Amino acid sequence: LLLLLLLRLLLLLLRLPLPSPLRRCSGSEPQRPRGTGRLVVVGGGLSAAQLAAFACRLGWRSVTLVTRSELTVRPFDVGGGWVASLLSPELGDEEAVFFAAPPEERRRQLREARPGGSLTPEARRRLAEMELRGAGRVLERAEVRRARWRPKAAEWEVCVCAAADSPGGGGGGGGG
């Protein structure tokens, strides 16, 4: 981040233009970033949501966000107790037990403690706006069954299946 700020300052001092996603190539029309057709983003966390919203702003025709579970909205992705523990120079009882455990046990504890991805309220609002504009959609409780590169078309063929609609059907899905 510091390097980017220094680069920006240097460019301002030299009065050079900042790089742009629209570039002119030897007098031709401006070129948009490659691939402004359909885009599939896989994931249910903040990074996936930000990528989907950003792709819409870049002009992608259709953006689909696919997530295996329902989207979870939280103000923060971690609990307040964890953040408070970062401010203390001493290890609490739980941290001492965690760091004393063997690596395999620590990995297991981390997998169980992290509830999965979540979105901030702002990110969820941007996804809702994307859907209202018809620029994209969010497929919750869905999964990518197959993805195949098609070299002649220079694109991916992606098969997404929704989970069963029955209560408690979670993730079984069917069809393609």
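Visitor: How many salt bridges does the structure hold?
Guide: The structure holds eight salt bridges. The model is a predicted one, in which local features need pLDDT of at least 70 and side-chain atom pairs count only at pLDDT 80 or more, while totals for chains, interfaces and linings use all residues. Residues are numbered from 1 along each chain as its sequence is written, and side-chain values use heavy atoms, with hydrogens and water left out.

Visitor: What makes the meeting of the side chains of arginine 126 and glutamate 122 a salt bridge?
Guide: The N to O distance between these side chains is 3.2 Å. A salt bridge requires a side-chain nitrogen of Lys or Arg within 4 Å of a carboxyl oxygen of Asp or Glu.

Visitor: Why are arginine 126 and glutamate 122 separated by about one helical turn?
Guide: The two residues are four residues apart in helix H6, and this places about one helical turn between them. Helices (H or I, at least four residues) and strands (E, at least two) are DSSP runs, numbered from the N terminus.

Visitor: Why is arginine 126 called partly exposed?
Guide: Its relative accessible area is 38%. Buried means under 20% relative accessible area, exposed over 50%, and partly exposed in between (1.4 Å probe, protein chains only). Arginine 126, at 38%, is therefore partly exposed. Glutamate 122, with 34%, is partly exposed as well.

Visitor: What is the distance between the closest N and O atoms of arginine 108 and glutamate 105?
Guide: These atoms are 2.4 Å apart, and the two residues form a salt bridge. Both belong to helix H5 (residues 103–113), where a spacing of three residues separates them by about one helical turn. Arginine 108 has 32% relative accessibility and counts as partly exposed; glutamate 105 is partly exposed at 25%.

Visitor: How do you know that the reach of H6 is close to the expected one?
Guide: H6 (residues 121–132) has twelve residues and reaches 16 Å from its first C-alpha to its last. The expected span of a helix is 1.5 Å times one less than its number of residues. For H6 the expected value is 16 Å, to which its reach is close.

Visitor: Why do the buried residues of H6 line one face of the helix?
Guide: The buried residues are Ala123, Leu127 and Met130. Seen down the axis of H6, they fall within an arc of 55 degrees, so they line one face. The arc is that of the directions from the helix axis to the C-beta atoms. These residues pack against helix H2 (46–57), strand E2 (62–66) and strand E3 (136–139), where contact means heavy atoms within 4.5 Å.

Visitor: What makes E1 and E3 the edge strands?
Guide: Three strands form an open sheet in the order E1-E2-E3, with parallel pairing. Strand E1 (38–42) and E3 are the edge strands, for each pairs on one side only. Two strands pair if DSSP finds at least two bridges between them. E2 and E3 have four bridges, so they meet this condition. H6 packs on the sheet, touching E2 and E3, and its direction makes about 120 degrees with that of E3. Axes are lines fitted to C-alpha atoms, for helices over the stretch in contact, and angles run from 0 to 180 degrees between N-to-C directions.

Visitor: Why does threonine 64 count as buried?
Guide: Threonine 64 is found in strand E2. Its relative accessibility is 8%, and on that value it counts as buried. Residues up to four places away in sequence not counted, threonine 64 touches Leu39, Val40, Val41, Arg137 and Leu139.

Visitor: How many bridges join strand E4 to strand E5?
Guide: Eight bridges join E4 (residues 142–150) to E5 (residues 155–162), and the two strands run antiparallel. Glutamate 143 stands opposite cysteine 161 in E5. E4 and E5 form a hairpin with four residues between them, and alanine 154 in the turn has a positive phi of about 55 degrees.
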